[in-house]
Amino acid sequence: MLELNFSKFSFRFKNSENKISIFDIIRKKFVVLQPEEWVRQHCIHHLIKEKKYPKSLINVEKELKVNGLKKRYDILVYEPDGSVAIVIECKSPKIEINQNVFDQIARYNMALNAKYLMVTNGMSHYYCRMNFLEKRYDFLKDIPEYKK
C-alpha cells in the first residue's frame with residue numbers, strides 16, 4: 001500500500017482467499033484492505049497514539065440518516081458526555097479533496113453537530129472548527145488533542 005502522510009504505525013494483516021485484511025482496533029475485527037480503509041486505519045491510529053483520544057470514544061463506519069437518506073460516516077469521536085466532538089471523512093489517496101467532499105461532511109454534520117471536522121485522503125488533511133452561530137466552518141492547522 002501507498003505510504004501516507006501520517007506517522008508510521010504498526011498494523012496487523014492477514015491474507016485470506018487472496019484478499020489482504022487489516023485489523024481494526026475499534027471494530028475489533030479484520031476488514032478488507034482497500035485504499036480508503038488504509039487511510040481510515042491510519043487516521044484511527046493517529047487519533048489514539050498522537051492525539052490521545054481513548055478508543056472508547058471512537059466509533060467507525062456506522063449508519064446515520066441525513067435528510068431521510070441512509071449514509072455511513074467514516075469515523076466519529078465522542079466527548080465523554082456523548083456529544084460528537086469530531087466527524088472524520090476518509091477518502092482514497094486517489095480522490096481529490098474538493099468542495100464536494102466538504103459538502104458531504106457538512107451534510108453529515110447537520111445530523112451529528114460535531115464541533116470539529118476532519119477530511120483526509122491520507123496525503124492531504126483538512127481540519128475545521130464549526131461556527132454554528134454564523135453557519136460556517138473555520139479552517140484550523142490541526143484538531144485538538146484529547147483533554148480529560
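**Salt bridges and buried residues**

Modeller: The count comes to 13 salt bridges, a salt bridge being a side-chain nitrogen of Lys or Arg within 4 Å of a carboxyl oxygen of Asp or Glu. This is a predicted model, where local features need pLDDT of at least 70 and side-chain atom pairs count only at pLDDT 80 or more, while totals for chains, interfaces and linings use all residues. Residues are numbered from 1 along each chain as its sequence is written, and side-chain values use heavy atoms, with hydrogens and water left out.

Biologist: Why do such side chains pair?

Modeller: Side chains of opposite charge can pair when their charged atoms come close.

Biologist: OK, which residue does Arg40 form a salt bridge with?

Modeller: Arg40 pairs with Glu37, and their closest N and O atoms are 2.7 Å apart. Both lie in helix H1, three residues apart, about one turn of the helix. Helices here are DSSP runs of H or I with at least four residues, strands are runs of E with at least two, and both are numbered from the N terminus.

Biologist: Is Arg40 buried or exposed?

Modeller: Arg40 is buried, with a relative accessible area of 4%. Glu37 is buried too, at 5%. Buried means under 20% relative accessible area, exposed means over 50%, and partly exposed is in between (1.4 Å probe, protein chains only).

Biologist: New topic. Where is Ile88 found?

Modeller: Ile88 is in strand S8, residues 84-90. Ile88 is buried, with a relative accessible area of 0%.

Biologist: What is Ile88 in contact with?

Modeller: Leaving aside neighbours within four places in sequence, Ile88 is in contact (heavy atoms within 4.5 Å) with Cys43, Leu47, Asp74, Ile75, Val77, Ile105 and Met118. The C-alpha atoms of Ile88 and Asp74 are separated by 6.1 Å, and these residues are 14 apart along the chain.
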